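This report walks through one protein chain, part by part. Please keep the structure in view while reading.

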Amino acid sequence: MYLHYAVGRTPTDAIKHTFWQEEYLKSAQSLLNDLLDKKVIYLENDLKKSLKKRKIPEIKEVLRSNKLKLSGNKDELINRLIDNQSIINLSELNLEPVLTISTEYHELYHSTDFINYAHHNNYIDIFEIYNYYQSSPGKSKHEIIIGTMVEKYKIKLEDPTKHDAKMLSGRISDYYLTELNDISNGYYYLNCSVVIQVMQNIESYRGMLAFHGKQTMDNFDVTYLFKIYDKNIQTYKKLFYTNQIKPVNIGKDIFSHTKHLPYDDSDKKLVSNFVFYYFKDREEAEEILKYEIEKRYYSNNKQKPKENENRVIDSTETGFKRFMKSIFK
């Protein structure tokens, strides 16, 4: 597994990027030495590859000190250094050779490249994905990545905060949509992520009502609790605009897709309707969601807010408000 951390890096980076605590530095060095001794990897003195490991400001500083142009992207800057290496002292960059995999190990490396995905994912680690790979022979890279995340997502749904379940369902959705162009499953897990997020906010607001009371809550700005993450909104809109899902069905789809989530049907219906109307009139949807949370909270606790705490909707309310009220009954 460490092989995937090492390949393509300098020896220094292969250690530091993987193990940052002092007690692990020795283990990383030992692993690296073992791979080198067994000729699984070797040090390649390729100038271009070594330069790619340096940061742009470092490369520009060398160009500047040699009175060369600083314009262009990183590849252009590197090519300029290489083209002028006869007149440039590159020693100040402290270039290191790059770790490269030996030909006979290419198949092993590429058959386990799913490990690289775990390396860049904060919610699954290389041990989890490798264990799934070992227990699921014959699966493709995509099946291993998705399978690992889905298994952990189901486990994390049991956590009280469900934070990891929310983030994992978002990652699963992204993977289906961007890597596999699987709209059906991507949309499904997008809805799961959004419902968990909105329910977290609803539960937070209920907790604040219990602690502060409605009258005090009116002095707080809690609008941040009644918003959907911008990234998810953009994903929904992309699916809308490309006619891959119909906006009119979103409330029904959300309720259907989240039957497995450990929330009451009444709460899931509340969220489904909120998301549906969020795209029609966000502020109105947020206001009515807040109203419904308060109404249900006091009803469930057999408490009624003081008269001046009641949300008053007078005869001038919009047709949208009246329709929303009937939806939430």
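What share of the contacts in the chain with a separation of 6 or more comes from residues 24 or more positions apart? The share is 65%, where contact means heavy atoms within 4.5 Å.

## Basis of the model

This is a predicted model, in which local features need pLDDT of at least 70 and side-chain atom pairs count only at pLDDT 80 or more, while totals for chains, interfaces and linings use all residues. Residues are numbered from 1 along each chain as its sequence is written, and side-chain values use heavy atoms, with hydrogens and water left out.

## The chain as a whole

The chain contains 18 helices and 2 strands. Both are DSSP runs numbered from the N terminus: helices are H or I with at least four residues, and strands are E with at least two.

Of the 329 residues in the chain, 43% are buried. Buried means under 20% relative accessible area, exposed means over 50%, and partly exposed lies in between (1.4 Å probe, protein chains only). The accessible surface of the chain is about 18,800 Å², and carbon and sulfur atoms hold 49% of that surface. Such areas come from the Shrake-Rupley method with a 1.4 Å probe; for residues, only the protein chains shown count as cover.

## The second largest pocket

The second largest pocket has a volume of about 260 Å³. Its lining has 15 residues, and the closest to the pocket centre are Lys-237, Phe-240, Tyr-278, Phe-279 and Lys-280. On a 1 Å grid over the protein atoms alone, a pocket is an open set of points with protein on both sides within 12 Å along at least five of seven lines, and lining residues have an atom within 4 Å of a point. Grid points are joined across faces, edges and corners, and the volume is the space filled by probe spheres set on the points.

Helices α14 (230–241) and α16 (265–278) each supply at least two lining residues. The most come from α14, which gives 6. By type, the lining of this pocket has 10 nonpolar, 1 polar and 4 charged residues. Here Ala, Val, Leu, Ile, Met, Phe, Trp, Tyr, Cys and Pro count as nonpolar, Asp, Glu, Lys and Arg as charged, and the others, Gly among them, as polar.

## Aromatic pairs

Rings of Phe, Tyr and Trp (its six-membered ring) pair if their centres lie within 6.5 Å; planes under 30 degrees apart count as stacked, over 60 as edge-to-face and the rest as tilted. The count comes to 13 aromatic pairs. One of them is the stacked pair of Tyr-176 and Tyr-189, at 6.2 Å centre to centre with 15° between the planes. This pair links distant parts of the chain, since Tyr-176 is in helix α11 and Tyr-189 in helix α12, 13 residues apart. Tyr-176 is buried at 12% relative accessibility, and Tyr-189 is buried at 10%.

Tyr-189 also forms an edge-to-face pair with Tyr-188, at 4.9 Å centre to centre and 75° between the planes. Tyr-188 is partly exposed, with a relative accessible area of 25%. Elsewhere, Tyr-236, Phe-240, Phe-274, Tyr-278 and Phe-279 form one aromatic cluster.

## Positive phi in two loops

Lys-67 is not a glycine, yet has a positive phi of about 55°. Lys-67 lies in the loop between α5 (56–65) and α6 (74–83) and is exposed at 77% relative accessibility. Asn-181 has a positive phi near 50°. Asn-181 sits in the loop between α11 (163–179) and α12 (183–212) and counts as exposed, at 58% relative accessibility.

Technical notes
On a 1 Å grid over the protein atoms alone, a cavity is a set of points where a 1.4 Å probe fits but cannot get out, and a pocket is an open set with protein on both sides within 12 Å along at least five of seven lines; lining residues have an atom within 4 Å of a point.
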